[in-house]
Amino acid sequence: MERPQCLLLLLSLLSYPSAHAGALRSQIVGGHEAKPHSRPYMAALKMSGDFSCGGFLVAPDWVMTAAHCMGDITVILGAHNIHEPEESQQVLGVETYYKHPEYNDIFLTNDILLLKLTAKAKLTKYVQLIPLPKTSSDVPTDTKCSTAGWGLIDKERITDKLFETNITIYSRRKCLNVYPNLNDGMLCAGSFHQLKDSSQGDSGGPLICNGVVQGIVSFGYSAPPAVYTRIANYLPWIKKIMG
């Protein structure tokens, strides 16, 4: 899906980010190739014969991603190059899809999806869990974070390998200037000085701050910042679904 190229035009036309306005994220821009298998919690989500989204392993048989990634998903764990049959990879199906009951595909609110795998992943040095937040607290402004994905790395270049980039949490006040419908289930991150944000992470990929996954790549315009689903806001629902 093409993302909007003119932020000012979009802001004049829209009062909210819309999936139908082409605002879903599919690129890592301004990043670099990750050290192979340095992010063992990453999951590549394959749909309809292609790799469409990212995700991350939060329990041996649970992957978290964005609700707008909903589809007939096959999960690939332990991958660096998603188009090569690496010995480190584990391929698993999805037994049950748990989309947030209040997900809205127009406003992209409550953009969170839990995938119950058909079997438990075997935890190895290539496949590991990423911790969830312990409390519902917001991530402080200016916190240094990172994100990763297998999407486009600029307008024309496609990568088979995992790319990553460093970004910073924006204040809610500053983010509301760009996204007036920002709510408690969302947070903003990007680079203040360069074209880096989750044009930088495949949709559904993780926003990681201090070793904890705090967000899910959700949507954004063609320039930073991007919006992430704020996982801490959904801890009661997550615990209910995962038991």
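Which residue stands opposite Val-217 in β13? The residue opposite Val-217 in β13 is Tyr-228.

## Basis of the report

This is a predicted model, in which local features need pLDDT of at least 70 and side-chain atom pairs count only at pLDDT 80 or more, whereas totals for chains, interfaces and linings use all residues. Residues are numbered from 1 along each chain as its sequence is written, and side-chain values use heavy atoms, with hydrogens and water left out.

## Overall composition

The protein chain contains 3 helices and 13 strands; helices (H or I, at least four residues) and strands (E, at least two) are DSSP runs, numbered from the N terminus. Of the 243 residues in the protein chain, 57% are buried. Here buried means under 20% relative accessible area, exposed over 50%, and partly exposed in between, with a 1.4 Å probe and protein chains only.

The accessible surface of the protein chain is about 10900 Å², and carbon and sulfur atoms account for 51% of it. Accessible areas come from the Shrake-Rupley method with a 1.4 Å probe; for residues, only the protein chains shown count as cover. Among contacts between residues at least 6 apart in sequence, 69% join residues at least 24 apart, a contact being heavy atoms within 4.5 Å.

Two strands are taken to pair if DSSP finds at least two bridges between them. Strand β5 (residues 73-77) pairs with strand β6 (residues 90-99) in the antiparallel sense over 4 bridges, and Leu-77 stands opposite Gln-90 in β6.

## Nonpolar cores

A nonpolar core is a set of buried Ala, Val, Leu, Ile, Met, Phe, Trp, Tyr and Cys residues joined through side-chain atoms within 4.5 Å. The largest has 58 residues, and those with the most contacts inside it are Phe-56, Val-63, Met-64, Val-75, Leu-77 and Ile-238. Strand β3 gives the most to this core, with 6 residues.

Not counting residues up to four places away in sequence, Met-64 touches several residues, including Phe-56, Leu-114, Leu-132, Ile-216 and Ile-238.

## Strand β13 and its partners

Strand β13 (residues 226-230) is largely enclosed by the rest of the structure, because 5 of its 5 residues are buried. Strand β10 (residues 186-190) runs antiparallel to β13 and is joined to it by 4 bridges; Met-186 has Thr-229 as its bridge partner in β13.

Strand β12 (residues 212-220) also pairs with β13 in the antiparallel sense, over 5 bridges. The two strands β12 and β13 form a hairpin with 5 residues between them.

## Salt bridges

The structure holds 4 salt bridges, each being a side-chain nitrogen of Lys or Arg within 4 Å of a carboxyl oxygen of Asp or Glu. Glu-164 forms one with Arg-39, with the closest N and O atoms 2.7 Å apart. This pair links distant parts of the chain, 125 residues apart: Glu-164 lies in strand β9 (residues 163-169) and Arg-39 in the loop between β1 (32-33) and β2 (42-47). Both Glu-164 and Arg-39 are buried. In the salt bridge between Asp-61 and Lys-116, the closest N and O atoms are 3.4 Å apart. Asp-61 lies in the loop between β3 and β4 and Lys-116 in strand β7, so the pair ties together parts that are 55 residues apart in sequence. Asp-61 counts as buried at 13% relative accessibility, as does Lys-116 at 19%.

Asp-138 and Arg-230 meet through their side chains in a salt bridge (3.9 Å, N to O). Asp-138 is in the loop between β7 and β8 (144-149) and Arg-230 in strand β13, 92 residues apart. Asp-138 is partly exposed, with a relative accessible area of 37%, whereas Arg-230 is buried, with a relative accessible area of 7%. Salt bridges that share partners join Asp-138, Arg-172 and Arg-230 into one network.
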